[in-house]
Amino acid sequence: MNSQPDAIPKEPSIRPSTPGLGWDEFSKELVEFFASVKLAIFLFLFIAMTATIGTVIQQGERAEVYVQEYGENAYRWFLRLGFTDVYHTWWFTSLLGLLCVNSLTCFYKRFPSVWRSMKQDKVGVTMAFIKNMKQQAEIPLDNTKESVAQQLVHHFVSKGYRVLAKNEPGEVTVYATKGVMGRVGAHMAHLSATVIIFGGLLGTYYGFQEFGVCLEGQTYHIPRGNFDLKVDKFWIDYHENGSVKSYNSTLTVVDGGQSVVTKTISVNDPLVYKGIWFYQSSYGDAWDQVEVARVNIKDKETDKVLKTVDLEWQKEQTLPDLNLKLSITDFVADFAFNSTEKKVYSKTIEHTNPAVKLVINERDAVQATPWLFQQFPDLFNIKESKYQFELVGYKPRKFTGLQIAKNPGINIVWTGCTMIVVGITLSSFIFHRRLWAKIVPGQSGVIVHIGGTTHKSQIDFQKEFRKLTDKIQTFKA
Amino acid sequence: MMKSLFLFDMTFWLYLAALVLYIGYLFARRPAMTLAPAGHLPENFDERDGAWATQLGQVATLVTVFGWMLNTGALFTRAFERMQHSGTFAPWSNQFEAMAYVSWAIILGYVLLEMRYKIKAVGAFVVGIGFIAMGAASLLPYRYQTAEPLVPALNSYWIYIHVSVTLTSYAAFAMAGGLGVMYLFKERAERLGKTTGFYAAFPDLETIDELGYKAITVGFPLLAFGIILGAMWANYAWGGYWSWDPKETWSLIVWLIYGAYIHARMTRGWEGHKAAIYAVFGFLMVIFCFWGVNFLLSGLHAYA
Ligand code: HEM
């Protein structure tokens, strides 16, 4: 400690003369160990050190990534030590748990004395005790005991101190204290770690976080909230220089068949309904739908483009001059065929090999449903048809990526956070000061012996102490 | 060229001038011959300068204050420019602005310290760090210095408070780091028996040590508050308050490092020399958290 933590001289701590093996001794040792500041320092530094691992080694990647970057041998060690997901390993969480136990034990062991010094304090101290303090002075005054004591008490009170005084035949003792809230603050911080971690665990076990890919116009059921969510619209706003200003989705909550709330969410502005939060998280081009597709109709004989049509998704378009009815019924962004199920699907969500399924009705005679590939225009040829069809472009439908989350522990976490900030702030800016003065008869008048202690902020205290002694010298009879 | 950049440049030169003046002041100081007034402890940091030194010191303070005012003006101008470009005005929205803001906060902290404790010698170290921060900002390529609109994820009211609080805590740790260096200098001088000239102006070791500790106790709650504001923002923007992203993890690491320091100070032997080295080490970690993470590690915060 910077100075005497407890100004009251303690009796030498009573220890059993023979090392006992009983439960009492053991539990005392245990409390001693868990309440020790040494353990706290060790934990702070050890957690700090191990937390760096996850910032250097990428977390939660696929095995190949690690093997490629660090080699197979290192990867095996990573798995053994949990380095690919450090923050969720048993040993890292145990360190956090140990920190909680540590700070709680510290609270248990030390808070009672702080509490007591809020309630009552010892006034009576010995003269030697005052003379031993770091800040101490002896001021002879031409005055009476009672008058000096009264002015001193008055001065302390005006400075916001709590004062206790004891008038004895030979001497007056004045005790003044201030700023115990600083120590209460420290202990508030000690409780907060556990509160935060408790709230965090609650969120992990009883909350959820999901990601939803949603298309405009569609309604999705949210089973965890037992209501429906309709995505009315998704769009992007731009700045003048072309960079993105915001991503926005208009969402409507449908609960019990009724529209309850409609809100436009954007990246920093989520929708909250029944404790479930909907965040604008990402967006992209849908891989199984388009808004419109542009198709060229060519004459097979002349190979000339007769017409270019924009076909809307799943809407039949009639072209009387060519005697055609066309519609787009399917789309895949990255064409693939599952031969066992005989189904076309999109291999990835990237638009690497886009294709549309075109439904053709020519002169009510020829019926065909070919897949048109943008990159391979000549793949399909409909024998009976006069025309050749080519996919020349399309406008994909956008999907909006919504993060859907519920966290029942969040308010506990915020409570803990408030405690930690308020606690540390109190402890940083308010320091606990205690002063004792003994006024004893001197050669002419009295001598004031004054001493004081603080658990930190020595220079401020030194200044304050100097002002105080200056003030005492001005005390008039 | 933007008006604010001109003002930032001017600030840079003024801080340089202030630094030179503070160093000059240290060299001009006469050995302090303090006599303790009767009944008092010797006032170790009471300064009794030769006329030369006094004037130099006064000019140094004036130039610092003036530079700080220009720095303020530059930040306001930048805020105004941001307002025109993109709907927000926080003048700490990219690496350059953040540096300029940090040096503003360091200098403000220094001026307050000088006003309160009347110690000018600290200026050579702390104004030095403010100057380096400003200088590092000016060395960034031009494209980092402009006020590009914010990407949607950052375009939020949270950026005003989260970033400014965090950066202010960095400034406090910078101050502690500067004081730590000063402590080590003075300690070395004492060991070698040099008590006159340059080192005479330094306050005594205990005072430097206490001031450094104070700076950390200011930075510690600020950083906690900053981290928590970041968590609240993340919860609001992404649906999770903590995702172990490198930047947030590193700020937690820095906070833990100072947490260890605060507790270590309560045990014997963790004042003075060790504490000074630790404060310098902590500040290096802050620098890594601020610069290193943005440039070396990937994550949501790498917006520079
Ligand atoms: C979990 C995070 C923790 C935080 C945020 C925290 C914060 C603080 C702060 C701000 C102080 C005041 C320091 C001062 O007065 O200079 C303090 C004091 C203290 N801390 Fe912690 N601490 C934490 C954990 C621990 C742990 C695990 C221990 C284990 C022993 C511990 C032991 C102490 C002790 C003994 C004091 C002095 C209390 C007093 O003055 O009565 N702290 N702490």
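Modeller: Contact here means heavy atoms within 4.5 Å. With that cut-off, and leaving aside residues up to four places away in sequence, B:Leu167 touches B:Trp92, B:Ala98, B:Tyr101, B:Val102 and B:Phe290. The model is predicted, and this applies to everything that follows.

B:Leu167 belongs to the largest nonpolar core, a set of 136 residues. Together with B:Trp255, B:Leu167 has the most contacts inside that core. In soluble globular proteins, nonpolar side chains tend to be buried together. Chain B, which supplies both of these residues, has 9 helices and 0 strands. Its pattern along the sequence is accordingly written α-α-α-α-α-α-α-α-α. Of the 304 residues in chain B, 61% are buried. Among the contacts in chain B with a separation of 6 or more, 80% are between residues 24 or more positions apart.

Now the interface. On the chain A side 55 residues are in contact with chain B, and on the chain B side 57 residues are in contact with chain A. The size of an interface is often given as the accessible area lost when the parts come together. For chain A and chain B the buried area is about 4900 Å², with 64% of it on carbon and sulfur atoms.

The rule finds 3 salt bridges across this interface. One of them joins the side chains of A:Asp460 and B:Arg116, at 2.6 Å from N to O.

Several elements of chain A each supply at least two residues of the side that touches chain B. The helices are H2 (37-56), H8 (181-206), H9 (410-429) and H10 (458-473). The strands are S7 (244-255), S10 (276-299) and S19 (387-406). By class, this side of chain A consists of 27 nonpolar, 20 polar and 8 charged residues.

For a residue of chain A in some detail, take A:Thr173, in strand S3 (residues 172-178). A:Thr173 counts as buried because its relative accessibility is 1%, and buried means under 20%. Its side chain makes a polar contact with the side chain of A:Lys438, at 3.3 Å. Not counting residues up to four places away in sequence, A:Thr173 touches A:Lys438 and A:Ala437, as well as A:Val123, A:Leu164, A:Ala165, A:Lys166 and A:Glu168.

Methods:
Residues numbered from 1 in each chain as written. Chains lettered and ligands numbered in written order. Predicted model: local features only at pLDDT ≥ 70, side-chain atom pairs only at ≥ 80, totals over all residues. Heavy atoms only, no water. Core = buried A, V, L, I, M, F, W, Y, C linked by side-chain atoms within 4.5 Å. Buried < 20%, exposed > 50% of the residue type's maximum accessible area, 1.4 Å probe, protein only. Buried area = accessible area lost by both parts, 1.4 Å probe. Salt bridge = Lys/Arg side-chain N within 4 Å of Asp/Glu carboxyl O. Helix = DSSP H or I, 4+ residues; strand = E, 2+ residues; numbered from the N terminus. Nonpolar A, V, L, I, M, F, W, Y, C, P; charged D, E, K, R; others polar. Polar contact = N/O pair within 3.5 Å; in protein donor to acceptor, adjacent residues only side chain to side chain.
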